Structure formats: structure tokens, C-alpha cells
Amino acid sequence: MTATKGLEGIVAAASSISSIIDGVLTYRGINMDDLAENASFEEVAYLLWYGKLPNRSEIETLQKQLDEYAVVPNEVLEGMKLYPKNTNSMAALRTAISSLALYDQAANDMSPEANQLKAIKLQAQLPAVVAAFSRIREGKEPVAPKKGVSIAHNFLYMLSGNEPSDVAVKALDQALVLHADHELNASTFAARVTVATLSDIYSGITSAIGALKGPLHGGANEAVMVMLEEIGSFANVEGYINNALANKQKIMGFGHRVYKNGDPRAKHLQKMSRELGKLRGNMELYEMSVKIEELVTGQKGLKPNVDFYSASVYTALEIPRDLFTPIFAISRLSGWSAHILEQYQDNRLIRPRADYVGPVNAKYVPIEQR
Ligand SMILES: CC(=O)SCCNC(=O)CCNC(=O)[C@H](O)C(C)(C)COP(=O)(O)OP(=O)(O)OC[C@H]1O[C@@H](n2cnc3c(N)ncnc32)[C@H](O)[C@@H]1OP(=O)(O)O
Ligand SMILES: O=C([O-])CC(=O)C(=O)O
């Protein structure tokens, strides 16, 4: 038995949710470019969960469910008030989502109907949790969710307490569509491994949030912004990147385990970054990002992934840097939960083997002789 480091190229599950074939990403067989241009995030979540696009009455029913479930139990909000004010946002999210299970009577109901409802409930609550976290640490009260508006709209509203612009809602909605699912990425795999023990959906999502947090995965979008802030201005880009590459440092937001010729989502985020920059009358972050891409692709052949231009997009939407990865989680929850439901449908414990490379025939030595 020899291990494949990082399980590269290993096919570890059969799935009908999303595919990456020859660099083309589809959700349920529909090209992601098509969805990014035309679908709302709610339509995409429905598509991931139910395997088909919703008709008008189905999307209205989903909207009613999201409206009904968006309220976060007071106990969870009160618990969040006890978190240290400077706590890591993904650590806070991981804890808050885990605590939601404590107040859900159906948390351990494993029927398919109950699990589907919990997926919708979590999708409704997660934006409210992230927005509440952001406000509580600023000493403000959480804003109650609105009814009848999209998740993107509601999130921006709950974050600031003000009505968001149509441009901001549209941009965030498109970003949510782009991040919704991605085959067997690390966080989705973590979710599937967890629920394959027949543990509950909250455990699966908590595992997934833990995996998404890392800078090699979802945490890279925040790390890109840290880098852009460190660089500071367009004039510094060339020196900074040349120096980083010469020192074999990783440039966050570049490279991908599966895409070697570029991530098809990046072009949509790049376009959004350009358009939002123009609207704000400040193109510097966009221009810095384009220059970084030119240097990194030119010197290393590495292309930007989904996280690279999302940093300048979210900054243009005036979203605090440490909420970028929680926003990724809001979107990816739709994919995680679809994968969890798929795993339950035809479950088998996920338990691979390890290639043992430690000592053999070692003996126990009494403590006095060590
Ligand atoms: C939503 C997402 O999760 S998208 C990914 C988000 N993560 C990032 O943007 C972090 C930066 N990127 C990376 O760390 C990697 O490209 C990953 C984690 C995405 C993929 O990792 P792997 O498939 O294991 O690629 P691996 O790390 O083996 O890279 C292969 C080579 O390219 C180099 N490389 C890969 N990514 C980068 C990068 N961003 N900057 C500089 N060099 C890089 C590696 O150093 C390695 O070089 P070597 O062969 O000389 O040692
Ligand atoms: O698929 C991956 O490895 C990472 C990624 O791009 C995602 O999760 O969107």
C-alpha cells in the first residue's frame, strides 16, 4: 500500500451534483457560466438540492421557507455576545453553527424530509449568523432578517442595517452562485466523511466550516486581501511579487489542485471587480490584481482561482476583510448540504487506509529506563 499525497487524482465518491470535466464546471450538468450570468443563488441552491431548476411556484415555496427559518434562536445570539470581540470570524462561525444544533428539536432526526428541511434552515440562518457576529463585535444589536428578499439582499441589509443598492445585491448574488459547489473539494469531502458515520447534518457542516477556514482553501480570499493591503499601491506590485516568487512564497489566490489551465469562475469575478471598481471610481485594487496576475502567470504559469478576484469584489462592496471566508461558507452551505443529502441516500462509511511508515517491532520501555 502506498499513499497518494493529498489524495491527488483519487476518485473518492460518486456524485451527480457538480462536475469538473476538461476544465469546465457544471452544477447538475448546467454550465456554470450560464448559471453565473442568469441564475439567482436561490435557484442554484434549489438546483443543487433537488437536481432540477425550480419553477415559479417551487421558488416561491423555497423563498417562504427561507423567510420562515431565517430567525436565529436567541440563545445562539446571546452565546455569540460572550465570544471574545477579536475572535477569528471562521472560529466564531464554526462555534455558532454547531450551537444551532442545540436548539433544533429535529437535529438528530435522520429522515430525508427532516434533513432536507435542516439544509434549508441552515441556508436561511447562516447569513443571519455571520451578520450578527459582525454587528455584535462592534457593540451593535443584530438586525432581524427581512422577509421576501434574496439571501444576498438580506445579508447586506442585516450587516449594515441599511437597504443595500441593487448593484451590491446583484454582485453578491452572482458571487454566491459562483461559490455554491465544487465537486469533492476539501470542505465538502470533510462534510461527507463526517456524515458517512451517520452523524447529523450540523456535525457535517461544522466539519466543513473547519476545513474551509484554512488558507489553502476558502481562507485564501482573506489572505489575498491581506496581500493586497501589504502591497499597498500599484507602484509596489512588481517589487513585492518578484520578491515573493524569488523567495518561493505562495501567492494566495493562485493555483488549483484540479484546474491547471485556469479556474472558470475567476473571469466572472474579474469582470465584477472591474465593473465595481469603475462604479466606485477607484480602480486601484482591480489594477493591482491584474498586474499580479500578469506577473504570477507570466513567471510561474499559475492562474488565479475563485478566491483571487473575490477579494477586490468584496472590498468594493465594503465588506470587512474577515467576512470574506464566512461569505464563502454562506454560499458553499448549499453545496455542502446537497452533498450531505446525497451521502445519506446511498451511504457507506468512508474509511481509507494509511501507508504505515513508522518504526516496527518497537518495545515498551519502562519509564525509569527512558
Ligand atoms: C476555493 C479554493 O480552495 S481555491 C484554492 C485556494 N488556495 C489558494 O489560493 C492558496 C494558494 N494556492 C496553493 O497553495 C495551491 O495552489 C493549492 C493548495 C490551491 C493547490 O495545491 P496542490 O495541488 O497541492 O499544488 P502544489 O502545492 O503541489 O503546487 C505545485 C507547485 O506549484 C507551486 N504553487 C502552487 N500554488 C502556488 C502559489 N499560489 N504560489 C506560488 N507557487 C505555487 C508549488 O509551490 C509547487 O511548486 P514545486 O513543484 O516547485 O514545489
Ligand atoms: O475544488 C477545490 O479544491 C477548491 C475550490 O476551488 C473550491 O472549493 O471551490
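**View 1. Asp 307, a buried residue.** Asp 307 is buried, since 29 other C-beta atoms lie within 10 Å. (Buried takes 20 or more other C-beta atoms within 10 Å of the residue's own, exposed 12 or fewer, and partly exposed falls in between; C-beta atoms are placed from the backbone.) The model is predicted: local features need pLDDT of at least 70, side-chain atom pairs count only at pLDDT 80 or more, and totals for chains, interfaces and linings use all residues. Residues are numbered from 1 along each chain as its sequence is written, while chains are lettered from A and ligands numbered from 1 in the order in which they are written. Asp 307 sits in helix 15 (residues 306–316). (Helices are DSSP runs of H or I with at least four residues, strands are E runs of at least two, and both are numbered from the N terminus.) Beyond its neighbours within four places in sequence, Asp 307 contacts Ala 220, Asn 221, Val 224 and Gly 253. (Contact means C-beta atoms, placed from the backbone, within 7 Å.)

**View 2. His 256 and the annotated active site.** In the unreviewed UniProt entry, "active site" covers His 256 and Asp 307. They span 52 residues in sequence, yet no two of their C-alpha atoms are more than 10.6 Å apart, so they gather at one spot. (UniProt positions follow the numbering used here, feature names are shortened, and annotations may be inferred rather than shown by experiment.) His 256 lies in the loop between helix 12 (237–246) and helix 13 (266–280). His 256 is partly exposed, with 18 C-beta neighbours inside 10 Å. Neighbours within four places in sequence aside, His 256 contacts Asp 263 and Asn 305.

**View 3. The shell around ligand 2.** His 182, Asn 185, His 256, Arg 257, Val 258, Asn 305 and Val 306 surround ligand 2. (Each has its C-beta atom, placed from the backbone, within 6 Å of the ligand.) By class, the shell has two nonpolar, four polar and one charged residues. (Ala, Val, Leu, Ile, Met, Phe, Trp, Tyr, Cys and Pro are nonpolar; Asp, Glu, Lys and Arg are charged; the others, Gly among them, are polar.)

**View 4. Where domain 1 touches domain 2.** The assignment gives domain 1 (17–214 + 322–345) and domain 2 (220–316). (Bounds come from an automatic or database domain assignment.) On each side, 18 residues are in contact with the other domain. On the domain 1 side, helix 8 gives the largest share, six residues. That side divides into twelve nonpolar, four polar and two charged residues.

Terms used. Two residues are in contact if their C-beta atoms, placed from the backbone, lie within 7 Å.
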